[in-house]
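Subject: Structure for you to look at

Hello,

Here is the structure I said I would pass on. My notes on it follow below.

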Amino acid sequence: MSDETRAIRRRFVPGTTADDLKAYMAPFVATLGYKFNTEQDFVDEVLASELEILEATGDVYCPCRVRTGDPKEDFKIICPCIPFHNEQFAAMRKCWCGLFILEDVEDGAELLGVIDEPEPGAAVDVPVCRIDDLPRGQVRHVKVGKSDIALARVGDEFFALSNVCLHAFGPLSEGVLEGYEVMCPWHGWRYDVRTGGTDHPNADVKTYPVVVRDGLVFVSVTVR
Amino acid sequence: MTVKVYALSTCPYCRMTRKYLDENNVQYDVTEVDLLEGDEKAAAIDEVRTVSGGTSFPVVIVGDEVVVGFNKKRIMELLGL
Ligand code: SF4
Ligand code: FES
């Protein structure tokens, strides 16, 4: 999860209404490439369950997942939990509950019910942000499944490479982008964002294909 | 054939699944995992992980077959509905 995502995640208090949840969640999930399910009744039902859970536990835990009591695990099922499970959800085209569906799904009813988690090896395009979320000449951290990725924008081209510098594991997303080169913030190693290549031997980093469509940036990954 | 359902009291798919089974007069055992406490809850979560490989609900067990989510088509096939 990127720091930006962390910053805008919000805690709800008892007394919150379904409309409050909707008003907060719709723009939040839109930045991740999702929207509410097109089945209104279903959405209302899930939100009603979330509000019951909020009253009982003090947070909007997922109605379709079980809280194990391990705070670290349970944190990953606070709604909307998309940032933590974006690889699986992109493959299923919806979140587990089906409260949210990918923006380009026209009929959410078709996706209700079935929970088909992707097989390892499946290729999937995972939305990571909207085009406008990343200004030209900048690089930011995105998390896809378990992978930490530096997403760079050069002009109107987007590139995704491993976020981890192979010198001493500095975060490339915090580096400076000059042309097609990102400079690691720790000791200045330079990587070509197009290829992951660097001048240092055997230290090239992995790159990922990027697809831009419908105003969204997708990183293509293989499910692990 | 024995049918067992692991469900959450809060989960819409679980409700849909149970309603569907009820409407078709299917006899089944149901465990509402979120309503259990302590060791019982931990044991039920372990069981769900073991049979389904995750913690998605509902988990419907028909004989040796496991269906995760409200997969009506699959449940129909397994129960011959
Ligand atoms: S699976 Fe869907 S409804 Fe459940 S917490 Fe995640 S985003 Fe919310
Ligand atoms: S960690 Fe990147 S240059 Fe040292």
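Which residues are buried in α2(A)? They are L21(A), Y24(A), M25(A), F28(A) and V29(A), where buried means under 20% relative accessible area, exposed over 50% and partly exposed in between (1.4 Å probe, protein chains only).

Some conventions before the rest. This is a predicted model in which local features need pLDDT of at least 70 and side-chain atom pairs count only at pLDDT 80 or more, while totals for chains, interfaces and linings use all residues. Residues are numbered from 1 along each chain as its sequence is written, chains are lettered from A and ligands numbered from 1 in the order in which they are written, and side-chain values use heavy atoms, leaving out hydrogens and water.

Over all chains there are seven aromatic pairs (Phe, Tyr or Trp rings, the last by its six-membered ring, with centres within 6.5 Å; planes under 30 degrees apart are stacked, over 60 edge-to-face, the rest tilted). Y24(A) and F28(A) are stacked, because their ring centres are 5.8 Å apart and their planes are at 15°. About one helical turn separates Y24(A) and F28(A), because they are four residues apart in helix α2 of chain A.

F159(A) and Y180(A) form an edge-to-face pair, with 5.7 Å centre to centre and 80° between the planes. F159(A) counts as buried because its relative accessibility is 13%; Y180(A), at 28%, counts as partly exposed.

R194(A) lies over the face of Y180(A), 3.9 Å from the ring centre (the cut-offs: NZ of Lys or CZ of Arg within 6 Å of the ring centre and within 35 degrees of the ring normal).

Regards

Key:
Helices (H or I, at least four residues) and strands (E, at least two) are DSSP runs, numbered from the N terminus.
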